[in-house]
2 protein chains.
Amino acid sequence: MSQTASIKDVATHAQVAVGTVSNVLNYPDRVSQRTKERVLKSIAELGFVRNDAARQLRAGQSRTIGLIVLDVGNPFFSSVARAAEDAATALGSVVLVGDSGQDSSREAHYMDLFQEQRVQGLLISPVGDVAERIDTLRERGVPTVLVDELADTERCSSVSVDDQEGGYLAAKHLLDLGRRRLAFVGTPSIRQVASRLKGAQRAVAEVSGASVEVLDSAGQTVLAGRQVGNSLVERAPELRPEAVFCSNDLLALGVMQSLTMLRTVRIPEDIALIGYDDIDFAISAVVPLSSIRQPTEALGRTAIELLAEEQESGGTKHRAVVFTPELVVRQSTAGAPN
Amino acid sequence: MSQTASIKDVATHAQVAVGTVSNVLNYPDRVSQRTKERVLKSIAELGFVRNDAARQLRAGQSRTIGLIVLDVGNPFFSSVARAAEDAATALGSVVLVGDSGQDSSREAHYMDLFQEQRVQGLLISPVGDVAERIDTLRERGVPTVLVDELADTERCSSVSVDDQEGGYLAAKHLLDLGRRRLAFVGTPSIRQVASRLKGAQRAVAEVSGASVEVLDSAGQTVLAGRQVGNSLVERAPELRPEAVFCSNDLLALGVMQSLTMLRTVRIPEDIALIGYDDIDFAISAVVPLSSIRQPTEALGRTAIELLAEEQESGGTKHRAVVFTPELVVRQSTAGAPN
DNA sequence: CGTAACAAATGAAACGATTCAAAGACGAGT
DNA sequence: ACTCGTCTTTGAATCGTTTCATTTGTTACG
């Protein structure tokens, strides 16, 4: 009894055929009440637990869905991951999360791994160029859904958020407050950030006399935000922007700390400040931070749904679902223009 | 070529026996250079990828290690998880992360799942009482290592951090600054928090004239911290504590926000403040926050090592490794006593 | 030339589940 | 008593890999 019992052991113990035990587990209606009880009793007595490997081998496919994210520590991704897990659980599947850490070799490693595991499907926020591998997977019957990246629908499905719209919303909001001299803080070398900037510029172009200055930050962290914030404080007041849009909440919190710590600048009176992502900390900042909320739960849930669609259609039909981000106004951009 | 090629297909294509293909993959030295090349060429041409389910079935065990945490969103656990993943990767294993969300039914679900997967071993931060299940797993040859919880070494191994010592360190530090009237903020109903409080009380008992008041918070979040902070601000100055020790950095940040926002209290001059966990935000707070750092990487790495030890010893020898936390002094507790 | 020694390659058996065609059991209807 | 239909149960075949006892091939040596 020390080692694990197999279905055969159960069959022997209950004095039935192995097929019957399998039926008890998978098609209980096919089995008479009497035998069912006997089998279940044996299962309990022997402590039988299904061997998933054997089951998968026979089925030719696992009940596993692979998810590769850029950084599990990032609240955006951990939220997407959690939503995906919940949606998958409802379908009787399990999500395996791999963290590429923005490293394309790690990304490749996880793709290999998931392929060996014969995952049902793959959700991925790609780092490198994965187009070819996705083609290969599709040929093998493994559907892929890009996450937070727009897909060529000839190739696969995708769920993403309209970053340009998000940027537009943020800048429009600042302009609506009456602010004209805007600053954008972020690293436009990242595609998502570039789109947000583009959206902001579009909003600015719609208002005469408005301008936006781009402040390239060293990274997307609180510290990077502080550095930018310090450089703003050092400026002569008349050279400071009237409103700042950061490509990410961490940056915004850093900027906020610099500005409020030295107490030379008031938020939102002197400078209105808005971030992006609406992380949990945004609401609990010294000055509650306005932000652009991305529908992370919807992203995760929809990603799983698209995967299911792909499976049903045999991997022929692809869809690119684009969500619209939402403006969340808090104290950091509250009140009338100065 | 649309579907996945098996080892048999490779064998046919390369005109060798299946055993030879297997040898090329697992024992390359047993195969001559010539055939090896031929086989590898066929593998590449057919795009063959090992079927892990079949491999596991034959091996009787997977290369997977299960990890069940209380909350993946919590930086403490995500850091432990990452360290465990890295250590496991080095051993050629994969870590599957399950999030119990402090819910014992979800915990049980993941335990079932991992058992079906025939994981090599299980790392778990338990919610409910899992002693019996661990016994069962041990009988089945699945070693378990408790994470952030001290184990009965008759039963299994564990990695944990000395919470009482952490509490002692924090309180001692505050006392060393000359502060006498301390406050402890947290939810002592959680075991770890209770230990930290106990440590703090021990430190206080060592100093004559010192006292510690316990402020039970509604949760362990920034918001809960703010509420406590507000209640402190409302007090008459002479009734306020001289130093506050929060059982968690989020709480501490909340307290800090309340105190600094209203500008009636200075940190650290009027109230010295220390948190616990040393999360990334601690260093970037308005007033950089002192904290107690837990060796999360060591926890994750060691958990995997203990698992390996268990496997080698056949699951007979268990060890409980306890790490000592570390005091990190920053501005929130800097300077001389008032 | 015979054979011992070794290397390389073979292919059937096994892992544990599911599937499915076939057999068995049983009662109703004639 | 016989046939038919329905409900249960059976057990061999299958999935793709690894393992290992055998066979085959090659070289060296007496």
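# Reading a predicted two-chain model

Analyst: Let's start inside: sorted by class, the residues lining the largest cavity are six nonpolar, three polar and seven charged. Please keep in mind as we go that this is a predicted model.

User: Happy to start there. How much space lies in the largest cavity?

Analyst: The idea to hold on to is that a 1.4 Å probe fits in a cavity but cannot get out. Here the largest cavity holds about 280 Å³ of space. The structure has eight cavities of 30 Å³ or more.

User: Which residues lie nearest the centre of the largest cavity?

Analyst: Look at both chains. The lining has 16 residues, and those nearest the centre are A:Val72, A:Val97, B:Val72, B:Glu85 and B:Val97.

User: Let's turn to how the chains are arranged. What rotation superposes chain A on chain B?

Analyst: To read a relation between copies, look at the rotation together with the shift along its axis. In this model the rotation is 180° with a shift of 0.1 Å, and chain A then superposes on chain B with an RMSD of 0.1 Å. The two copies are therefore related as by a two-fold rotation axis. If you want to find the axis from chain A, go to A:Ala53: its C-alpha is the nearest in that chain, at 2.3 Å from the axis.

User: On to the sheets. In what order do the four strands of the open sheet in chain A stand?

Analyst: The order in chain A is β7-β6-β8-β9, with parallel pairing. Strands β7 (211-216) and β9 (272-274) of chain A are at the edges with a single partner strand each, so one side of each has no neighbour in the sheet. From one strand to the next, the twist averages 20°.

User: Over how many bridges do β6 and β8 of chain A pair?

Analyst: Strand β6 (residues 181-186) pairs with β8 (residues 243-246) over four bridges, in the parallel sense. For a landmark, find A:Leu182, which stands opposite A:Ala243 in β8(A).

User: Which helices lie across these strands?

Analyst: Two to look at are α8 and α11 of chain A. Helix α8 (residues 163-176) lies across β6, β8 and β9, running at about 165° to β8(A). Helix α11 (residues 249-261) also lies across β6, β8 and β9, and runs at about 155° to β9(A).

User: What is the strand order of the four-stranded open sheet in chain B?

Analyst: It is β7-β6-β8-β9, again with parallel pairing. The edge strands, β7 (211-216) and β9 (272-274) of chain B, each pair on one side only. In chain B, β8 (residues 243-246) pairs with β9(B) over three bridges in the parallel sense, and B:Phe245 stands opposite B:Ile274. Helix α11 (residues 249-261) of chain B lies across β6 (181-186), β8 and β9, at about 155° to β9(B).

User: Last, the backbone. Where is the cis peptide bond in chain A that involves A:Pro268?

Analyst: For this feature, check omega. The bond from A:Ile267 to A:Pro268 is cis, with omega near 5°, and A:Pro268 sits in the loop between α11 and β9 of chain A. In chain B, B:Ile267 and B:Pro268 are joined by a cis peptide bond with omega about 10°.

User: And what is the phi of A:Asp148?

Analyst: A:Asp148 has a positive phi of about 60° although it is not a glycine. You will find A:Asp148 in the loop between β4 (144-147) and β5 (157-161) of chain A.

Methods
Residues are numbered from 1 along each chain as its sequence is written. Chains are lettered from A and ligands numbered from 1 in the order in which they are written. This is a predicted model: local features need pLDDT of at least 70, side-chain atom pairs count only at pLDDT 80 or more; totals for chains, interfaces and linings use all residues. Side-chain values use heavy atoms; hydrogens and water are left out. Two strands pair if DSSP finds at least two bridges between them. Axes are lines fitted to C-alpha atoms, for helices over the stretch in contact, and angles run from 0 to 180 degrees between N-to-C directions. Contact means heavy atoms within 4.5 Å. On a 1 Å grid over the protein atoms alone, a cavity is a set of points where a 1.4 Å probe fits but cannot get out, and a pocket is an open set with protein on both sides within 12 Å along at least five of seven lines; lining residues have an atom within 4 Å of a point. Grid points are joined across faces, edges and corners, and a volume is the space filled by probe spheres set on the points. Ala, Val, Leu, Ile, Met, Phe, Trp, Tyr, Cys and Pro count as nonpolar, Asp, Glu, Lys and Arg as charged, and the others, Gly among them, as polar. Copies are superposed by least squares on the C-alpha atoms of residues with pLDDT of at least 70 in both.
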